[in-house]
Amino acid sequence: MRGQGRRRPWTGAWQVTISFDEFLKVDIRVGRITAAETFPQARKPAYKLTIDFGPEIGTKRSSAQITRHYTPEELIGRQVMAVVNFPPRQIGPFMSEVLTLGVPDESGEVVLIGPGQDVPIGGRLF
């Protein structure tokens with residue numbers, strides 16, 4: 001039944017069927033990290049990222065718990081995918097404007113997702 005969830009025992013996530021039109025409401029874009037710094041005020045280890053999404057969207061900021069696999073220096077210039085149309089979220093003293101996307105490794109630590117090759121920034125996932 002549409003809108004009803006079914007628990008997936010291997011992930012703990014809810015599986016919900018959505019329409020294609022609902023999927024299109026989530027605006028996922030590629031951006032390039034232009035700055036990354038430690039975020040000592042975060043409850044869990046995190047970085048504050050500045051991500052350039054091109055002239056249409058501009059530069060946005062994001063908090064990301066990605067300290068296990070990345071240093072701030074190696075993040076600069078990296079292309080990442082992010083949801084750009086969620087409302088901003090206050091995380092301690094920091095306003096996170098986009099949700100940077102990743103997937104968990106075997107230990108549950110975040111691995112960033114991005115295009116397999118360099119693409120124009122601002123491109124929308126479809």
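# A walk from the pocket to the core

Start with the largest pocket, which has a volume of about 610 Å³. The model is a predicted one, in which local features need pLDDT of at least 70 and side-chain atom pairs count only at pLDDT 80 or more, while totals for chains, interfaces and linings use all residues. Residues are numbered from 1 along each chain as its sequence is written, and side-chain values use heavy atoms, with hydrogens and water left out.

A word on "pocket": on a 1 Å grid over the protein atoms alone, a cavity is a set of points where a 1.4 Å probe fits but cannot get out, whereas a pocket is an open set with protein on both sides within 12 Å along at least five of seven lines; lining residues have an atom within 4 Å of a point. Grid points are joined across faces, edges and corners, and the volume is the space filled by probe spheres set on the points.

**Stop 1: the pocket lining.** Select Ser63, Gln65, Arg89, Ile91 and Leu99: of the 27 lining residues, these lie nearest the centre of the largest pocket. Now colour strands E5 (59-64), E7 (89-91), E9 (99-100), E10 (102-104) and E11 (110-112), each of which supplies at least two residues of the lining. (Strands, E, of at least two residues and helices, H or I, of at least four are DSSP runs, numbered from the N terminus.) By class, the lining has 14 nonpolar, 9 polar and 4 charged residues; here Ala, Val, Leu, Ile, Met, Phe, Trp, Tyr, Cys and Pro are nonpolar, Asp, Glu, Lys and Arg charged, and the others, Gly among them, polar.

**Stop 2: the core.** Next, pick Ile33, Leu49, Ile51, Phe53, Ile66 and Leu75, the residues with the most contacts inside the largest nonpolar core, which has 16 residues. Strands E3 (28-38), E4 (47-52) and E6 (79-83) each supply at least two residues of this core, and E4 gives the most, with 3 residues. Apart from this core lies another, of 5 residues, including Ile28, Val30, Met81 and Leu101. Such a core is a set of buried Ala, Val, Leu, Ile, Met, Phe, Trp, Tyr and Cys residues joined through side-chain atoms within 4.5 Å; buried means under 20% relative accessible area, exposed over 50%, and partly exposed in between (1.4 Å probe, protein chains only).

Zoom in on Ile66: leaving aside neighbours within four places in sequence, Ile66 is in contact (heavy atoms within 4.5 Å) with Tyr47, Leu49, Leu75, Val110 and Leu112.

**Stop 3: Tyr70.** Move to the loop between E5 and helix H2 (72-75), where Tyr70 lies. Tyr70 is buried, with a relative accessible area of 8%. Again setting aside neighbours within four places, Tyr70 is in contact with Tyr47, Leu75, Arg78, Val110, Val111 and Leu112.

Stop 4: In strand E3, find Gly31, buried at a relative accessible area of 0%. Gly31 and Met81 are 50 residues apart in sequence and 6.4 Å apart in space, C-alpha to C-alpha. Then jump to Gly54 in the loop between E4 and E5, which counts as buried at 7% relative accessibility.

**Last stop: zoom out.** The protein chain has 2 helices and 11 strands. Colour by pLDDT, the predictor's confidence in each residue, from 0 to 100: the chain's mean is 90, and 90% of its residues reach 70 or more. Over residues 1-10 the pLDDT is below 50, though beyond near neighbours in sequence this stretch has 18 contacts in the model.
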